[in-house]
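Please examine the sequence and the structure shown below. The paragraphs that follow lead through them step by step.

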Amino acid sequence: MTIPRRLPWLLTISALIILADRFTKVWVENHIPMGGAIPVIPRVLRITHWTNEGAAFSLFAGSASPQLVRWVLVAFALVLALAVLIALVRLGNRFTLTTVALALIFAGALGNVHDRILYGSVVDFIEVHIFTYHWPDFNVADSSVVTGACLLLLDSLLPKKHAATNTELSS
């Protein structure tokens, strides 16, 4: 089996996202006390320090079985990461919106699963306020998954170029 030509580059994108995710989480843990915040853009953006034992938006965080939630989330993320890696291997001969999106989703899944396995929770630190709306705190891995999902959606909405068939060429 040969390695798809672009796969190393796509995995490099994933590795850089994972490194950025780890670096920012460690920085926040070392520089901002739990529950603390540093304003970046007053009333819009703050760097905070919170942990999230649940899924997105702290879903299941208050569960009566936190260890069960933790390991179900770990299992789900690992299955997702494996499926995305398989897709990357199959599609990794070209850079497309789809392959870049998959590289971002792969990185985000691994970034958060690392924290869940080792620490039981993830560090969330980006807090956004838009007018009166407060978006739940998130991190680089979360941003990577959401960006990847948006790119997949965009790619699905764009018109596809179809290869010319022999009948089209002979007309």
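Which residues make up the largest nonpolar core? The core consists of Leu7, Leu10, Ala81, Val84, Leu88, Leu102, Ala103, Ile105, Phe106 and Ala109, 10 residues in all. A nonpolar core is a set of buried Ala, Val, Leu, Ile, Met, Phe, Trp, Tyr and Cys residues joined through side-chain atoms within 4.5 Å. Buried means under 20% relative accessible area, exposed over 50%, and partly exposed in between, with a 1.4 Å probe and protein chains only. The model is a predicted one, in which local features need pLDDT of at least 70 and side-chain atom pairs count only at pLDDT 80 or more, while totals for chains, interfaces and linings use all residues. Residues are numbered from 1 along each chain as its sequence is written, and side-chain values use heavy atoms, with hydrogens and water left out.

Helices (H or I, at least four residues) and strands (E, at least two) are DSSP runs, numbered from the N terminus. In soluble globular proteins, nonpolar side chains tend to be buried together.

The strands form an open sheet of 4 strands in the order E1-E2-E3-E4, with antiparallel pairing. Two strands pair if DSSP finds at least two bridges between them. At the edges, strand E1 (37-41) and strand E4 (133-138) each pair on one side only. Strand E2 (residues 45-52) and strand E3 (residues 122-130) are joined over 6 bridges; Leu45 has Val128 in E3 as its bridge partner. Helix H1 packs on this sheet and touches E1, E2 and E3, where contact means heavy atoms within 4.5 Å.

Charged side chains also take part: the whole structure holds 5 salt bridges. A salt bridge is a side-chain nitrogen of Lys or Arg within 4 Å of a carboxyl oxygen of Asp or Glu. In one of them, the closest N and O atoms of Asp21 and Lys25 are 2.8 Å apart. Both residues lie in helix H1, 4 residues apart, about one turn of the helix, and both are buried. Lys25 also meets Asp115 in a salt bridge (2.6 Å, N to O). Because Lys25 lies in helix H1 and Asp115 in helix H3, this pair ties together parts that are 90 residues apart in sequence. Asp21, Arg22, Lys25 and Asp115 are linked in a network of salt bridges.

How values were computed: Axes fitted to C-alpha atoms, helices over the stretch in contact; angles between N-to-C directions.
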